[in-house]
Amino acid sequence: MAREADDADAAAEAASELDGIEKALADMEVQTLLDGEYDARPAVVTIRAGAGGVDAADFADMLLRMYLRWAEQHKYPTTVMDISYAEEAGIKSATFEVDAPHAFGILSVEAGTHRLVRMSPFGAAGKRQTSFAAVEVIPLLEESAEIEVPESDIRVDVFRSSGPGGQSVNTTDSAVRITHLPTGLVVSMQNEKSQIQNRAAAMRVLQSRLLIMQKEQEAATKKELAGTITASWGDQMRSYVLAPYQMVKDLRTEHEVNNPSAVFDGDLDGFIAAGIKWRKQKPVD
């Protein structure tokens, strides 16, 4: 209609609307692929400088700004949890949280070793420098502030206290042993004078131990999800080349752009969408 009417303004408006529709459809397609167990969780991202000295530390800082700008553009709340600054420039490491629906599912494809090739601004000779940084992405799992222990999960045994002597020692069955049946944890308590007090104290200890065990299991799960990232030659998943030509290329999906400045300014949607599709189609080992 715009062409028939030779209306340039209408044509520009239609093109803008078409771009918006295409982007919305692409976002919807990506959302349908985020069906992993932890994909809906918020994400915790850790960036670590790898091989490359001061250039690697500067590169890690560039990646931190890149991801924070990407999150800002999408209005995703972020919290920088920890930063370790390098001595000369950049950062040794940084950890931040992205508290948004499906943040882990979206950002998990960014995990891996990133490689930067550029004319080093830190070397007097001005030679090309290759440096590396590792990106680790884990889901933020729910943490129980209190462990509920059903009565059906425990066995309570009472027995006579033992000790050097004195009141209530070796005279009544005041000592308590609680066995947590699902885990096999055993807690015994005989310090208090009454069975009720010893049972309450034993339950508090049991709950604490179960909470510690839960955190250890969550940490093991996070480590498994994060994988092992070496941040050195041979295992990079994305290259950022600033010299002698301009290109950012994902080596897994073959997605590439010729505008690194836009990428470092947070334009990551194309890489993320390609990564999510690649992950979904990747054969299971």
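These are my notebook entries on what I looked up in this structure, which is a predicted model.

**Entry 1: the open sheet**

I began with the strand pairing. Three strands make up an open sheet, and their order is β6-β7-β8. The pairing I found there is antiparallel. Which strands stand at the edges? They are β6, residues 154–159, and β8, residues 185–189. Each of these has a single partner strand, so one side of β6 and one side of β8 lack a neighbour in the sheet. I then looked up the twist, which averages 15 degrees from one strand to the next.

Next I took the pair β7 and β8 by itself. Strand β7 covers residues 175–180. How many bridges join β7 to β8? I noted five, with the two strands running antiparallel. For T179 I looked up the bridge partner in β8, and that partner is V186.

**Entry 2: salt bridges**

I searched the whole structure for salt bridges, and the search finds 13. I wrote down one of them, the pair formed by R118 and D58. The closest N and O atoms of this pair are 2.8 Å apart.

**Entry 3: a negative patch**

Which residues form the negative surface patch? My list reads D6, D7, D9, E13 and E17. To place one of them, I looked up E13, and E13 lies in helix α2, which spans residues 8–32.

**Entry 4: backbone angles in loops**

A cis peptide bond joins A243 and P244, with omega at about 10 degrees. Where is P244? I found P244 in the loop that runs between β9 (236–241) and β10 (247–250).

I also noted two residues with positive phi. H102 has a phi of about 65 degrees, although H102 is not a glycine. The loop holding H102 sits between β3 (91–98) and α4 (103–107). For E254, also not a glycine, phi is positive at about 70 degrees. I placed E254 in the loop between β10 and β11, the latter being residues 256–257.

Definitions and conventions. Residues are numbered from 1 along each chain as its sequence is written. This is a predicted model: local features need pLDDT of at least 70, side-chain atom pairs count only at pLDDT 80 or more; totals for chains, interfaces and linings use all residues. Side-chain values use heavy atoms; hydrogens and water are left out. Patches are made of residues with over 30% relative accessible area and no salt bridge: like charges are joined within 9 Å, nonpolar side chains (Val, Leu, Ile, Met, Phe, Trp, Tyr) within 5 Å. Accessible areas come from the Shrake-Rupley method with a 1.4 Å probe; for residues, only the protein chains shown count as cover. A salt bridge is a side-chain nitrogen of Lys or Arg within 4 Å of a carboxyl oxygen of Asp or Glu. Lys and Arg count as positive and Asp and Glu as negative; His and the chain ends are not counted. The place of a charge is taken as NZ of Lys, CZ of Arg, CG of Asp or CD of Glu. Helices (H or I, at least four residues) and strands (E, at least two) are DSSP runs, numbered from the N terminus. Two strands pair if DSSP finds at least two bridges between them. Axes are lines fitted to C-alpha atoms, for helices over the stretch in contact, and angles run from 0 to 180 degrees between N-to-C directions.
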